[in-house]
Amino acid sequence: MRNFIVQLRSVIAFAKREYVIWTSYKVNIVTWILDVFINSALFFMLSLLMGKHANIAPYGNNYVSFVVLGLSAYYISYTNLGDPYDRVARIYWNGTMDLYLLSPLSLVTPVIGIMYRSVLDDYPRVLLAFLFGTLFFGAAFRFMQPFTILLIVILLGISTFGIGMISASSFFLLNLKVGTEPVKFIFQDIIIALAAGYFYPISVLPYSLQLVSSVLPHTYALDALRRLMIPGGNPNIPVLPIQKIWHVSPIFSDLVILLAMSVVFLFLGFYLYALGIERARRNGTLTRWQ
Amino acid sequence: MSIVNLNGITKKFGGETALNNISVSINEGEIFTVLGKNGAGKTTLIKIICTLLLPDSGNGTVLGYDLLKESEKIRANVSLVAPTVDVGVDPTLTVEENLLFWAVVYGLDDAEAKRRVKETLEILGLYNVRNRWAMEISAGMRQKLGIGRAILVRHPLLLLDEPTVKLDVESKFSLRKFIRDIRKEFRTTILLTTHYFDEAEELSDRVMILEKGNMLATDSIENLRRRISATEKIEIRAKASPEKADKIISHFAEFRAVYENGVFRFTVPIFSDAMNEILHKFVNENIEISEVASSSPTLEETFLTLTGRAK
């Protein structure tokens with residue numbers, strides 16, 4: 001129990017430290033808000049143009065809302081999936097990895113703690129995207145089953161973080177200290193870029209790509225969130241390949257698959273990361289300090 | 001009580017042997033120095049002791065924990081200062097915020113963290129700059145801050161890997177005093193690596209000489225000197241009448257005494273009481289002494305002899 005409290009207090013200390021550092025760059029905050037607005041506006045204006053022709057059934061009839069949810073999933077997954085590798089690299093190169101390992105912290109606590117910089121930078125973008133979309137571009141939302149919505153967002157966060165930890169493990173497991181990290185590249189730059197359905201429904205993709213999208217947690221999270229949150233969304237019409245063969249409520253199947261992915265990816269991520277550390281201890285690549 | 005006990009530790013990187021069959025025992029409260037030139041294996045040894053690196057063979061215990069099977073317990077109970085000046089120091093936090101962060105990471109509760117941070121800042125002479133950003137203080141102060149992080153918790157074993165490298169003379173002096181103080185105050189066992197002979201000589205209870213991964217010797221500095229030279233030379237400048245000079249020379253014939261140009265020269269067993277004995281005799285004979293000098297091998301000469309590099 002005491003060990004859990006030490007981990008928890010440390011995560012909070014990381015959060016405080018990252019907040020102090022983040023807010024110490026005042027100009028950064030202004031440019032950050034402008035950046036979110038410009039980025040969101042770009043997608044929203046495109047969605048206004050294409051929205052008239054977009055057939056997004058059964059996800060309601062508001063394409064801007066569709067894009068707001070896509071952007072939100074993008075921000076969360078971009079952080080959770082893409083940043084663990086970068087953060088592990090950061091603490092390796094600045095030498096603090098050794099110090100965290102020589103402390104009562106678990107192997108993953110520093111990674112979670114150091115992720116707060118990304119969380120501070122990226123998660124509020126979700127709220128701003130909702131705000132800008134609703135105020136300026138006509139997005140509308142409903143909040144059916146708020147507990148389910150919250151659960152889906154949490155599971156999306158956990159499962160993408162799990163993939164992020166698999167990616168981070170390659171830093172030690174494959175001794176990839178510089179250059180392109182393959183797990184992140186395959187998931188984020190290939191599969192997600194093509195098949196995550198941030199800006200279009202999965203159903204417009206060729207069937208083979210729909211199958212590829214089935215390995216992504218985003219697919220199930222967005223499917224459920226759009227059915228639940230966009231006015232006119234239908235919770236019952238199957239869209240995804242699995243929903244056409246597993247005859248249960250699509251939202252239920254989304255939840256079950258998301259839960260399974262969260263458990264598998266997170267476990268695999270932690271296991272591979274610990275394996276990577278152990279391998280690095282053996283071959284002498286754990287610390288930068290020589 | 002033995003804090004570190006290593007048996008036959010060997011580590012290779014590719015074809016290179018970084019450590020070859022190292023066995024050593026470090027006692028509680030001891031300042032133990034590993035002396036060697038760059039690439040001797042000093043850092044590899046520290047990494048193995050703090051379990052950030054696994055040996056290829058050999059075993060041992062650190063703080064009573066098994067080196068190979070209880071690495072997490074070892075890591076949670078040792079403190080490390082690596083040679084990079086600002087490791088663990090965030091430049092955009094104040095000096096105090098930096099230490100408070102690490103205090104929580106090391107598991108101190110809020111009240112204890114504040115107390116230890118204040119105490120540490122005072123010990124290090126950083127209290128007056130506690131509200132300044134770490135990026136604004138000197139490299140020496142940042143190094144002290146790094147050491148402050150390491151001593152926030154009173155771990156029984158402190159590993160210092162070339163802690164004074166990159167420091168100016170004044171900072172080196174104050175850091176060495178600080179190292180002696182924390183050993184005295186907390187009975188911390190300190191494992192120090194350095195390639196500065198004066199540092200090793202000033203601080204160490206015992207020294208291990210490493211050369212290309214091989215342990216050439218482990219002993220107190222006095223004993224190491226004894227190994228390369230059994231004698232030291234004593235020179236005494238004094239005005240003595242020919243009779244008294246003859247008396248001294250014949251009395252100390254066993255020390256090969258000679259008197260030339262107003263200087264007595266003796267060759268005596270190293271670290272013996274001979275010096276006292278000789279001076280006592282001079283006083284008894286009412287011989288006025290103007291200068292006394294002795295020369296025993298320096299640690300550097302000892303090192304060069306033991307590593308086979310003495311000219």
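Colleague: In which loop is Trp246(A) found?

Modeller: Helices (H or I, at least four residues) and strands (E, at least two) are DSSP runs, numbered from the N terminus. Trp246(A) lies in the loop between α11 (241-245) and α12 (250-283) of chain A. The model is predicted: local features need pLDDT of at least 70, side-chain atom pairs count only at pLDDT 80 or more, and totals for chains, interfaces and linings use all residues. Residues are numbered from 1 along each chain as its sequence is written, chains are lettered from A and ligands numbered from 1 in written order, and side-chain values use heavy atoms, without hydrogens and water.

Colleague: Is Trp246(A) buried, exposed or partly exposed?

Modeller: Buried means under 20% relative accessible area, exposed over 50%, and partly exposed in between (1.4 Å probe, protein chains only). At 31%, Trp246(A) is partly exposed.

Colleague: Why is strand β13 (residues 263-269) of chain B described as largely enclosed?

Modeller: Five of its seven residues are buried, so the rest of the structure largely encloses β13(B).

Colleague: Which strands pair with β13(B)?

Modeller: Two strands pair if DSSP finds at least two bridges between them. Strand β11 (residues 231-239) of chain B pairs with β13(B) in the antiparallel sense over seven bridges, with Arg237(B) opposite Val263(B). Strand β12 (residues 258-260) of chain B is also antiparallel to β13(B), over three bridges, and there Val258(B) stands opposite Arg265(B). In the hairpin of β12(B) and β13(B), two residues separate the strands and Asn261(B) takes a positive phi near 50°.
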